[in-house]
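Please keep the structure in view while working through the numbered points.

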Amino acid sequence: MITKSTLADTGFENLSRFAAIFVFLLLAAILVSLGFESRDTINQYGFSFLTSSEWDPVQDIYGALSPILGTLITSAIALLIAVPVSFGIAVYLTELAPVWIRKPCSIAIELLAAVPSIIYGMWGLFVFAPLFQTYVEPWLIEGLGSLPVIGKFFSGAPFGIGLFTAGLVLSIMVIPYIASIMKEVFDMVPPLLKESSYGCTAWETIWHVVLPYTRAGVMGGIMLGLGRALGETMAVTFVIGNSFALPTSIFDPSNSIASALANGFNEAAGLQKSALIELGLILFLITTAVLAASRLLLFRLSRKEGRAS
C-alpha cells in the first residue's frame, strides 16, 4: 500500500538523486563549452600552446606558458605563507588563547574574508608595492641573491609589483578561509581524545592527536584556500604586473590566467578570444587536477590508519 509518507520519501530520494546528477552535468557542460569555444587555438597550436610564452595579439600569436607559471607560482607562494600562519591562528584560538579573546579574534578573521578582493588589490598596489620596492625586495636580493641554486629566484631588480607581491596579497586573502576551517575542525575534536594524551606537551597533543583526527578537514581548508588563490582575479591584476614575459625570479612582473582573462577578454575577438577561453579551460583543468590529487592523498592516508608503523 502506497502511503503519503512513502510518496514523500520517494520524491525526496528522486530529488536528491537529480541534484547530485545535476552537479556532474553542470561540470560536464562547462568543460564541453570551454573546449568548444577554444577549438580554434586547440586546432592551430595543439600542445605547443602550453609550452609557448609568446603572446602577441597584433600578429595573432598566443602561448599560455607565462600565465600558467604565474598562476602556479603565486598560488604556491600564497600557500607557503598562509598555511603555517593559518595553522598557528587555529591552534592558538582553540588550544592556547584565553576564552575572552577567542570570540573577538574569530569574528575579526571572518571579517577579513568579507573584504572585497579589489580592496586587497588597491591596498597591495598603493601600500605593499612601494614598501616592497624600497625596503623588502632590495634586502632579500642582497641577502639571498648570492646563494647557490636558490639565489636566481631572488635576483633581478626590485620592481615592487610582481609574483612575490601577488603571492603575499593572495596569502592574506586566503588566510581567513583556511584559518576558519582549521579552527572549526580543531574544535570538533572530542575532549576525551585530548585527555588521552595527558602528560604530553601541547605540541605533542596537537601533532599526534588533533591533526590525525582532523586530517580531512584540514586538507579541505587548504584546498579551499588554494582554489581561491588559483582563481583570484582583481587583487592579482593590480599587483602582478600583467607581463607575458617569462619570469626569471619571484620579483619579476608576470601574469596569471585570471588576470590575463580580466585584462584581455573585453576587447578580444577571433583567435585571441579562443586563446583566452582555452586559458579558462586550462585553469578549470588545473583546479580539477589539484582537487583530485588532494582526494587521492587523503585516500592513501586513510588506508594507512591503524597499521603498525
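1. Helix α7 has 25 residues and reaches 35 Å from its first C-alpha to its last, close to the 36 Å expected at 1.5 Å a residue. That expected span is 1.5 Å times one less than the number of residues in the helix. Helices here are DSSP runs of H or I with at least four residues, strands are runs of E with at least two, and both are numbered from the N terminus. α7 bends by about 40 degrees at valine 174, and proline 176 follows within four residues. The bend at a residue is the angle between axes fitted to the seven residues ending there and the seven starting there. Because 19 of its 25 residues are buried, α7 is largely enclosed by the rest of the structure. Buried means under 20% relative accessible area, exposed means over 50%, and partly exposed lies in between (1.4 Å probe, protein chains only).

2. A word on the source is needed: this is a predicted model, in which local features need pLDDT of at least 70 and side-chain atom pairs count only at pLDDT 80 or more, whereas totals for chains, interfaces and linings use all residues. Residues are numbered from 1 along each chain as its sequence is written, and side-chain values use heavy atoms, with hydrogens and water left out.

3. The protein has 13 helices and zero strands. Its C-alpha trace spans about 65 × 65 × 40 Å along the principal axes. Of the 309 residues in the protein, 36% are buried. Among contacts with a separation of 6 or more, 73% are between residues 24 or more positions apart; contact means heavy atoms within 4.5 Å.

4. Which residues of the largest nonpolar core touch the most other members? In this core of 60 residues, they are Phe49, Met182, Phe186 and Leu279. At least two residues each come from α4, α6 (117–144), α7, α9, α10 (215–231), α11 (234–239), α12 (257–264) and α13 (271–304). The helix that gives the most is α7, with 13 residues. A nonpolar core is a set of buried Ala, Val, Leu, Ile, Met, Phe, Trp, Tyr and Cys residues joined through side-chain atoms within 4.5 Å. Leaving aside neighbours within four places in sequence, leucine 279 is in contact with Phe49, Trp55, Ala64, Pro67, Ile257, Ala260 and Leu261.

5. Rings of Phe, Tyr and Trp (its six-membered ring) pair if their centres lie within 6.5 Å; planes under 30 degrees apart count as stacked, over 60 as edge-to-face and the rest as tilted. By this rule there are twelve aromatic pairs. Phenylalanine 87 and phenylalanine 186 form an edge-to-face pair, 6.1 Å centre to centre with 90 degrees between the planes. This pair links distant parts of the chain, with phenylalanine 87 in helix α4 (residues 65–96) and phenylalanine 186 in helix α7 (residues 163–187), 99 residues apart. Phenylalanine 87 counts as buried at 17% relative accessibility, and phenylalanine 186 counts as buried at 1%.

6. Tryptophan 203 and tryptophan 207 form a stacked pair, 5.4 Å centre to centre and with 25 degrees between the planes. Why are tryptophan 203 and tryptophan 207 separated by about one helical turn? They are so placed because they are four residues apart in helix α9 (residues 202–213). An α-helix has 3.6 residues a turn, so residues three or four places apart point the same way. Tryptophan 203 is partly exposed at 49% relative accessibility, and tryptophan 207 is partly exposed at 46%.

7. Ring pairs also join Trp123, Phe128, Phe132, Phe154, Phe164 and Phe251 into a cluster. Elsewhere, the charged end of arginine 39 sits over the ring of phenylalanine 36, 4.1 Å from its centre. A charge sits over a ring if NZ of Lys or CZ of Arg is within 6 Å of the ring centre and within 35 degrees of the ring normal.

8. Isoleucine 277 lies in helix α13 and is buried, with a relative accessible area of 11%. Isoleucine 277 and leucine 34 are 243 residues apart in sequence and 6.3 Å apart in space, C-alpha to C-alpha. Leaving aside neighbours within four places in sequence, isoleucine 277 is in contact with Leu34, Glu37, Ser38 and Phe265.
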